[in-house]
Amino acid sequence: MQHFNFLYKDSLFSIALFTFIIALVILLEQARVYFTQKKNKKFLQKFAQNQNAYAGSENLDELLKHAKISSLMFLARAYSKADVQMSIEILKGLLNRSLKDEEKIAVLDLLAKNYFSVGYLQKTKDTVKEILRFSPRNVEALLKLLHAYELEKDYSKALETLECLEELETPEIETIKNYLYLMHLIENKEDAAKILHVSKMSLDLKKIALNHLKSHDENLFWQEIDATERLENVIDLLWDMNIPAFILEKHVILQDIARSQGLLLDNKPCQVFELEVLRVLLNSPIKASLTFEYRCKHCKQIFPFESHRCPVCYQLAFMDMVLKISKETHAVGVD
């Protein structure tokens, strides 16, 4: 040993030994992380292979026991697009773990989205209220709660939720407020004068009010149509109606509709292209009809039916109407 004493007194040897110890610790830690990740990956692959796994299965229990929270959240997000129920079970299992507040909010947020996507409105509300218990000023959570009340047509509760969003200065809050108040009046069958007063805040709200009047007060409907300057965005409301003569002579769009249907034969061209196509085809062996589609102003998705809130992005969209020419086909009967 005396032959090696000089090594311990050598400063370079001490530095080298210290460096070796640090490197060994780093290598051991990396090895630990590698084998842990490999183990988690094995569980994830095994679980992913079983598409029909359920909450009480050994696969899910084993996964929830060993996988990291980040891995489980990644898997839950992936399943939310293909198997919502499985995503829900993973998230419910995560809630049994000891989570930090921000982790719990993330889990609850995805859980609320899943519940909302499959129409579990009460569960959506309960989950969102749990988020608000941890984060009272969470705008996204308040908006989800508002959407749930809106789908239930509980506009009074939706307006109460809106008061919280007003304090947080949420964008476009005034438009949402006017819309909810208008729907509240319609749902409660309030006086038409009140409905029309609120609807004058915007053309989009006006169309909602006109659609209500079309079914409940046709005389007032035509009075409002007569008082409306631009009628291009309500062609779908007017298409299947008998337009009174005294209103027809005042509005070019109404005349175009009548021409395209063959009810006004003055040979004048229509200003709207789709209506002009129908007018031209009146004397053609090719027959066509007019249909309507609706495009979200935010995500630009197109739907066959109009919805005030987009089914895809959940924005208060007030959709753009899209005119579409469809060729009429007639089935040939067999004698």
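How many aromatic pairs does the structure hold? There are four aromatic pairs, where rings of Phe, Tyr and Trp (its six-membered ring) pair if their centres lie within 6.5 Å, and planes under 30 degrees apart count as stacked, over 60 as edge-to-face and the rest as tilted. Two of these pairs are visited below.

This is a predicted model, in which local features need pLDDT of at least 70 and side-chain atom pairs count only at pLDDT 80 or more, while totals for chains, interfaces and linings use all residues. Residues are numbered from 1 along each chain as its sequence is written, and side-chain values use heavy atoms, with hydrogens and water left out.

**The aromatic pairs**

Select Y115 and Y120. Their ring centres are 6.1 Å apart and their planes stand at 45°, so the pair is tilted. Y115 counts as buried at 7% relative accessibility, and Y120 as partly exposed at 36%; buried means under 20% relative accessible area, exposed over 50%, and partly exposed in between (1.4 Å probe, protein chains only).

**The whole chain**

The protein chain has 17 helices and three strands; helices (H or I, at least four residues) and strands (E, at least two) are DSSP runs, numbered from the N terminus. Of its 335 residues, 39% are buried. Among contacts (heavy atoms within 4.5 Å) with a separation of 6 or more, 43% join residues 24 or more positions apart.

Begin at K153, in the loop between α8 and α9. K153 has a positive phi of about 60° although it is not a glycine. Most residues other than glycine have a negative phi.

Now select residues 155–167, which form helix α9. Its 13 residues reach 19 Å from the first C-alpha to the last, close to the 18 Å expected at 1.5 Å a residue; the expected span is 1.5 Å times one less than the number of residues. Which residues of α9 are buried? They are Y155, A158, L159, T161, L162 and L165. Because they cover an arc of only 165° around the axis, they lie on the same side of α9; the arc is that of the directions from the helix axis to the C-beta atoms. The buried residues of α9 pack against α8 (139–151) and α10 (173–187). Just after α9, E169 takes a positive phi of about 55°.

Select N178 in helix α10. N178 counts as buried at 15% relative accessibility. Beyond its neighbours within four places in sequence, N178 is in contact with V198, M201 and L205.

Follow the chain to K189, in the loop between α10 and α11 (192–199). K189, a residue other than glycine, has a positive phi near 55°, and at 72% relative accessibility it counts as exposed.

Proceed to A209 in helix α12. A209 is buried, at 0% relative accessibility. Setting aside residues up to four places away in sequence, A209 touches I195, L196 and S199. Its C-alpha atom is separated by 9.6 Å from that of H197, twelve residues apart along the chain.

L213 also lies in α12 (residues 203–216) and counts as buried at 2% relative accessibility. With residues up to four places away not counted, L213 touches A192, L196, E218, L220, F221 and E224.

For C310, the nearest cysteine sulfur is that of C299, 3.6 Å away. For C313, the nearest is that of C310, 3.6 Å away. C310 is buried, with a relative accessible area of 1%, whereas C313 is partly exposed at 23%.

How values were computed. A disulfide is a pair of cysteine sulfur atoms within 2.5 Å.
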